[in-house]
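Good morning, and thank you for the time. I would like to take you through one model, strand by strand, and I ask that you keep the structure in view as I speak.

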Amino acid sequence: MPLGQYTPGQALVEAPTVFDTFTTFNRGVKAGTGFGAPTIAAGAGAGAGTLSSIRGTDFAGNFVINVAAAGSGAGTLATVTFANQLAVAPSSVVVSASDNTGTAALAAGAQTLATTGFAIVTAAPVAVHFYTVSYTVIQ
Amino acid sequence: MPLNQFISGQSLEEAQYVFDTFTTFNRGMKSGRTAFGAPTVATGVGAGTAGGAVIGTVTGSDFAANFTVTAGTTPAVGTLATVTYGTPLGAFPSGVIVNVSDNAGTALTTGAGSLTANGFSIVTTQSPTLNHVYTVNYLVIQ
């Protein structure tokens, strides 16, 4: 963790830590930004879609994808390439994709789970709609 | 945790910890994988009632995992699969998130149902397609 991101008063644990029983987070969990941001790319399912509002890390993030006017369909909406390659492929990647018009969520799932990233596969999105996509990666 | 899974240099915390403010994970979180026994995954009636439905390798743990389901004959809307924890939880989970996507390139609208301390079911509101392989990912928060 870069020292500039460490606030005195916080506990900084640099060693990998194994919690061997249930661990309780009363205020939730944050995705730290100390190790770089992943690279997001629009997939063929978005047509020549464009990306915006990319936030988060390899661990968890969200972004908005604007589906192109033509060429979109069921398939890979976007791909996520980790900033830092994992030691092993993730155990699980959960994703969601919701239409910013508020009409309906888009059925979505992660595939091609690899140490370098994953693909977000969806049912056919609506052309020229904006979708907010969120993901969480568990190694 | 079995001793043979403990790697020197790691910190092993066997006590229960409560973090009373936001806790930041700069490198993410790992599933404990099978340290406490792997979950058991079974096909549901939605994956096909007349045979042929198959569960692929389960990678992960009660906390988070992925596996594949191959739809058999007469798949339908409903329970695609059930997950039974390797170790029952102390209470019902707070949240279970699941996704199901077709390896042929689309996804099913999906949710987790029947949440108990022993496991949960994966329910789809769209019928799978015969002989298609579906990738399932889940995350359990107790």
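This is a predicted model: local features need pLDDT of at least 70, side-chain atom pairs count only at pLDDT 80 or more; totals for chains, interfaces and linings use all residues.

Let me begin with the make-up of chain A. How many helices and how many strands are there in chain A? The count is 0 helices and 12 strands. The C-alpha trace of chain A spans about 50 × 30 × 25 Å along its principal axes. Of its 139 residues, 36% count as buried. As for contacts in chain A between residues at least 6 apart in sequence, 66% of them join residues at least 24 apart.

I turn now to the sheet architecture of chain A. In chain A, 4 strands form an open sheet, ordered β4-β7-β11-β10, with antiparallel pairing. Its edge strands are β4 (39-42) and β10 of chain A, each of which pairs on one side only. From one strand to the next, the twist averages 20°. Within this sheet, β10(A) and β11(A) pair in the antiparallel sense over 5 bridges. If you look along that pair, you will find A:A108 opposite A:T122 in β11(A).

Strand β5 (residues 50-56) of chain A pairs with strand β6 (residues 60-66) of chain A in the antiparallel sense, over 5 bridges. A hairpin through 3 residues joins β5(A) to β6(A). Here A:T50 has A:N66 in β6(A) as its bridge partner. β6(A) also pairs with β12(A), again in the antiparallel sense, over 7 bridges. For this pair, I would point you to A:G61, whose bridge partner in β12(A) is A:Y135.

Next, the contact between the two chains. On the side of chain A, 44 residues are in contact with 45 residues of chain B. Which elements give two or more residues to the side of chain A that touches chain B? They are β1 (17-19), β2 (24-25), β3 (29-31), β8 (92-99), β10 (108-114), β11 (117-122) and β12 (130-138) of chain A. The largest share, 5 residues, comes from β10(A). By residue type, this side of chain A divides into 24 nonpolar, 16 polar and 4 charged.

The chains are also linked by strand pairing. β2(A) pairs in the parallel sense with strand β2 (residues 18-19) of chain B, over 2 bridges. There, A:F25 has B:F19 in β2(B) as its bridge partner.

Let us move to chain B. An open sheet of 4 strands in chain B has the order β4-β8-β12-β11, and its pairing is antiparallel. Because β4 (40-43) and β11 of chain B each have a single partner strand, they stand at the edges, and one side of each is left without a neighbour in the sheet. Neighbouring strands of this sheet are turned by 25° against each other on average, direction ignored. Inside the sheet, strand β8 (residues 78-84) and strand β12 (residues 119-124) of chain B run antiparallel and are joined by 6 bridges.

B:G111 is found in strand β11 (residues 110-113) of chain B. Is B:G111 buried, exposed or partly exposed? B:G111 has 14 other C-beta atoms within 10 Å, so it is partly exposed. Leaving aside neighbours within four places in sequence, B:G111 is in contact with B:V98 and B:V123. From B:G111 to B:S121 the separation is 10 residues in sequence and 8.4 Å in space, C-alpha to C-alpha.

Lastly, consider strand β13 (residues 133-141) of chain B, which is mostly covered, with 7 of its 9 residues buried. Strand β7 (residues 64-70) of chain B runs antiparallel to β13(B) and is joined to it by 7 bridges. In that pairing B:F67 has B:V136 as its bridge partner in β13(B). Strand β9 (residues 95-102) of chain B likewise runs antiparallel to β13(B), through 8 bridges. In this case B:D102 stands opposite B:Y134 in β13(B).

That concludes my presentation, and I welcome your questions.

How values were computed:
Residues are numbered from 1 along each chain as its sequence is written. Chains are lettered from A and ligands numbered from 1 in the order in which they are written. Two residues are in contact if their C-beta atoms, placed from the backbone, lie within 7 Å. Ala, Val, Leu, Ile, Met, Phe, Trp, Tyr, Cys and Pro count as nonpolar, Asp, Glu, Lys and Arg as charged, and the others, Gly among them, as polar. Two strands pair if DSSP finds at least two bridges between them. A residue is buried if 20 or more other C-beta atoms lie within 10 Å of its own, exposed if 12 or fewer, and partly exposed in between; C-beta atoms are placed from the backbone. Axes are lines fitted to C-alpha atoms, for helices over the stretch in contact, and angles run from 0 to 180 degrees between N-to-C directions.
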